[in-house]
Amino acid sequence: MTKYLIFKNDPVSKKLNAPGSPEQVACDIARAIEMDGAPANAFIVYPADSPSASFEALKATPRFSIELDQAKVDQWLNEAEPLLEKIYSVHDALGTAYGIIMDAIRDLESDLESSESFHDLQLTSDMDIDRAFEYIENPSEYEFASKLAEVFDVKVFENN
C-alpha cells in the first residue's frame, strides 16, 4: 500500500491530480469526507515519501493521509463512490419534489386570487409543506463520511 498525503490545493497553482490515478481517488475520498462540496481540484495529493510531499509539507500541514492499494481504489470506484452518488441523488430528488409542490401551490393560489367566483377560498392555508419536508430526512452524509474515514483509514491532521 502507498501512503498519500492530501493537501489543500491553491487554485492559482494549476496543480492537478492525474485523472483516474490513485492520487485522484485519494482526493475524491477526501472531498467526500470533508463534505464541503469542494471542486475536484480542491486537494493535491502526493505519495508520502515523495519530494513533492516533503516540499508541500514545508508550506502547509497536510489535511489528510490515506493508504491505498488497487483493492482500495477498486472499493472506492465500485462501491463507495456509487453509494455517494445515490445519496446525492436522493438529496436532489427531495429538493426537486419540494420545488414542484411549491410551484403547484403558487399556481393554485394565483389562479384562486384571479378567479372571480373563487377568490375568497383559502385552499392552501392549512398546508404546511415546509414542516412536512422537515420530517423527510436526507440520507446522512455525516454518517457516510464517518464510515468512509473508517473503511479507508483516513487520518485527519487539521480542520480548515
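**Helix 1 and the sheet**

I started with helix 1 (residues 22-34) in this predicted model, and I found that helix 1 lies across strand 1, strand 2 and strand 3, running at about 130 degrees to strand 3.

I then looked up the sheet itself, which is an open one of four strands in the order 2-1-3-4, with antiparallel pairing. I noted that strand 2 (43-47) and strand 4 (155-156) are its edge strands, since each pairs on one side only.

Next I followed strand 1 to its neighbours. Strand 1 (residues 2-8) is joined to strand 3 (residues 64-68) by five bridges, and the two run antiparallel; with strand 2, strand 1 also pairs in the antiparallel sense, over five bridges.

**Gln24 in helix 1**

I went back to helix 1 for one of its residues, Gln24. Is Gln24 buried or exposed? Its relative accessible area is 12%, and because buried means under 20%, Gln24 counts as buried. Leaving aside residues up to four places away in sequence, I listed Asn17, Ala18 and Ala40 as the residues that Gln24 touches.

**Salt bridges**

I counted eight salt bridges in the model, and I looked at some of them in turn.

Glu34 forms a salt bridge with Arg63, and the closest N and O atoms are 3.3 Å apart. This pair links distant parts of the chain, as Glu34 is in helix 1 and Arg63 is in the loop between helix 2 (51-59) and strand 3, 29 residues apart. I checked the accessibility of both partners and found that Glu34 and Arg63 are both buried.

The salt bridge between Glu150 and Lys147 also has its closest N and O atoms 3.3 Å apart. These two residues are separated by about one helical turn, because they are three residues apart in helix 5 (residues 141-151). I noted that Glu150 counts as exposed at 56% relative accessibility, whereas Lys147, with a relative accessible area of 45%, is partly exposed.

For the salt bridge of Lys155 with Asp153, I read a distance of 2.6 Å between the closest N and O atoms. Lys155 is partly exposed, with a relative accessible area of 40%, and Asp153 counts as partly exposed at 44% relative accessibility.

Pro82 counts as partly exposed, at 33% relative accessibility. Not counting residues up to four places away in sequence, I found that Pro82 touches Trp76 and Leu77. I also looked up how far Pro82 is from Glu143, which is 61 residues apart from Pro82 along the chain, and their C-alpha atoms are separated by 16 Å.

Leu108 lies in helix 3 as well, and with a relative accessible area of 36% I recorded Leu108 as partly exposed. Where does Leu108 take part in a nonpolar surface patch, and which residues make it? I listed Leu108, Phe118, Leu121 and Leu123 as its members, and the patch covers about 360 Å².

Terms used: Residues numbered from 1 in each chain as written. Predicted model: local features only at pLDDT ≥ 70, side-chain atom pairs only at ≥ 80, totals over all residues. Heavy atoms only, no water. Buried < 20%, exposed > 50% of the residue type's maximum accessible area, 1.4 Å probe, protein only. Contact = heavy atoms within 4.5 Å. Pairing = 2+ DSSP bridges. Axes fitted to C-alpha atoms, helices over the stretch in contact; angles between N-to-C directions. Patch = residues over 30% accessible without salt bridge, like charges linked within 9 Å, V, L, I, M, F, W, Y side chains within 5 Å. Areas by Shrake-Rupley, 256 points an atom, 1.4 Å probe, with all protein chains shown as cover. Salt bridge = Lys/Arg side-chain N within 4 Å of Asp/Glu carboxyl O.
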